[in-house]
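Keep the sequence and the 3D view open side by side.

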Amino acid sequence: MSEQQGIIQVTNLMKSYGEFEAVKGISFSVKKGELFAFLGTNGAGKSTTIDILCTLLKKSAGEVIIDGYKIGEGVGNNHIRKKIGVVFQESVLDERLTVFENILNRGQFYNLSKHQIQENYQFVSDYLKLDDIQNKKYGTLSGGQRRRADIARAIIHKPTILFLDEPTTGLDPQTRLFVWDAIKRLQEETNMTIFLTTHYMEEASVANQVVVIKEGRLVAEGTPNQLKEKYAFDSVHLEFKHTFDPEPWLKEKQLSYALKNSIYTVRVASTLEAYDILKKLEGQIQSFEVVKGSMDDVFINIIAEKGSVV
Amino acid sequence: MKSLFHLVSRNNKIYRRDRTLVFLSLLSVFIVIILYAVFLQQTQVDAIQEMIGKSKAVKNMVNEWMIAGLLSITAVTTTLGAFGIMIQDKESKKTHDFLTTPLSRATIQLSYVINAFVIGLFFSLLAFVGCELFLVLSGSEILSGIVILKVIGIIILSVALSSSINLFLALFIKTQSAASTLNTIVGTVIGFLCGVYVPIGSVPNFVQNIIMYFPISHTAVLLRDAFMTDSIQTVFKNATPEQILEYKKQFGIVYEMNDKLVSTTNHLWIIIITTIVFTVVSIMIFKKQNK
């Protein structure tokens, strides 16, 4: 498998449940060591796709190759299972076992020796700071502590690919930052491929590659910058003095704008253009804010452009 | 093989740490003991003494009858309780999670069966030791080595049979609340189906047929036979063979099906074949459910 081919190659993947087509022939590729964001609205087919990639669900058609092994062919699934780690949206660790017992069990499922597990445990603990929770029962942990344990358990066998299904949902900002930092470090320092689904677009904005699906179809793909260029725009929010009516000026300059609660949101090609506007209207402006186009805009605009939101 | 062992050990640890599950597994055993102590024992003693006259040995024989029944239902309820882990795993999607690891579907399934077998065997043997102690303390003769081995053998078969039947039932249960309901139903009904609460001879013919076609009741028959051989000889030493046979039929120590007495070998075949059939069918269903 060459670097160009990608560690995950999905070609024309389809999945139907009777008449209902959950995934309608999507194709994409994930390069080794990259952080890949897989986005979509609820019911878009994300979970179905992930379940297929994790060998949990049989595909109806298409081809999926993970780390050189074809899903559903010969011993492919078994090889793939050794290469992947999965963190599901919901906690699946045993509440009555301690964090260490949970992780130990997991390592044993991969036939790792106790010595190997101990060694790997040090490795995962370094990333996820498990010292304070390792002897606590999983059922007694807070949401953030649980997430740390979830990820630690998923990587105890040092997988090549880590699937993270909304790993930071429901966490407080500080914990989210910690978890996110651990994920980024894992990717950068160990070259682990991270396959991520998230509803937080700021997380997707640091991905190497983003794919958006809607109603089972791939509707956009590219780097965050490429998508921002295509689907998001910078804007300047302006509040004018009461004595000034900006509309004739905005129309004359053919600027696209919207008015809400006496704030004009003017779409600009770049922040430099915003600077130009501010300079020209100097003296008439009461307050202003320059806003960079975000991944939120990208997501909303892609979904809106490609039809109604589910 | 190693991963199977680790998975069984995980299942076992979780069961042991879930005190409610352990309590529920033993609930029907407690019910039988209480019912027996409160009125079942005296009712039976009175009935038999009316037939053959007063004898101290009657009470010991009735105790043995009760204990044989109790051991047969212990195997059922403890293995069903152990399958609670499988249902918990299914409901919390842990089974789903296991399937992302190199563990095969057969290994996962087998781990629950082995765990149920280990737990069932542990509690049944513990119950056997406790019951034997009770019997000796209340005046019965200590069981001979051969009978002890025979009882252990029947317990092993009984636990295997119960594990396979309960595995089959657990495959259709998806939530813990449904599992609790099933536990309660089985815990209540099993005493009747094995002829423990009420002797088989005291129920209408169609109920007798239901009991006789219920495979687990055959383990109760074998256990009663093993426990009671000596005491029956003592109690019925002056009785006719017809009277002894009538007592055995009335109290489920032998089964008469289609006007023929069921032999020990046939009881064993019924138990073994049922175990195999339920195991094979369950594995097929599990594979279909997790395609």
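Start in chain A with strand S7, residues 161-165. This strand is mostly covered: five of its five residues are buried. Buried means under 20% relative accessible area, exposed means over 50%, and partly exposed lies in between, with a 1.4 Å probe and protein chains only. Strands (E, at least two residues) and helices (H or I, at least four) are DSSP runs, numbered from the N terminus. A:Ile161, A:Phe163 and A:Asp165 point one way from S7(A). A:Leu162 and A:Leu164 point the other way, and all are buried.

A word on provenance. This is a predicted model, in which local features need pLDDT of at least 70 and side-chain atom pairs count only at pLDDT 80 or more, while totals for chains, interfaces and linings use all residues. Residues are numbered from 1 along each chain as its sequence is written, chains are lettered from A and ligands numbered from 1 in the order in which they are written, and side-chain values use heavy atoms, with hydrogens and water left out.

Now look at the neighbours of S7(A). Two strands pair if DSSP finds at least two bridges between them. Strand S6 of chain A, residues 84-87, pairs with S7(A) in the parallel sense over four bridges. Here A:Leu164 is the bridge partner of A:Val87. Strand S8 of chain A, residues 193-197, also runs parallel to S7(A), joined by five bridges. In S8(A), A:Thr193 is the bridge partner of A:Ile161. From S7(A) the chain crosses through helix H6 of chain A, residues 173-190, to S8(A), and this β-α-β crossover is right-handed. That term applies if, with the strands pointing away from the viewer, the path from the first strand over the helix to the second runs clockwise.

What does A:Phe163 touch, leaving out residues up to four places away in sequence? The list is A:Ile8, A:Ile50, A:Leu53, A:Cys54, A:Ile84, A:Gly85, A:Val86, A:Val87 and A:Phe195. Contact means heavy atoms within 4.5 Å. A:Phe163 also belongs to the largest nonpolar core, which has 167 residues. Such a core is a set of buried Ala, Val, Leu, Ile, Met, Phe, Trp, Tyr and Cys residues joined through side-chain atoms within 4.5 Å. A:Ile8, A:Phe28, A:Phe163, A:Phe195 and B:Phe227 have the most contacts inside it. Helix H3 of chain B, residues 56-82, gives the largest share of this core, 15 residues. Apart from it lies another core, of 14 residues, among them A:Phe240, A:Trp249, A:Leu255 and A:Tyr264.

Chain A also holds an open sheet. Four strands form it in the order S2-S1-S4-S5, with antiparallel pairing. Its edge strands are S2 (20-30) and S5 (69-70), each pairing on one side only. Two bridges join S5(A) to strand S4 of chain A, residues 61-66. A:Tyr69 is the bridge partner of A:Ile66.

Finally, turn to chain B. Over residues 20-289 the chain is 80% helix and 1% strand, and the end C-alpha atoms are 28 Å apart. B:Ser282 is found in helix H12 of chain B, residues 264-289. Is B:Ser282 buried or exposed? B:Ser282 counts as buried because its relative accessibility is 0%. B:Ser282 touches B:Gln109, B:Ser164, B:Leu167, B:Phe168 and B:Leu171, not counting residues up to four places away in sequence.
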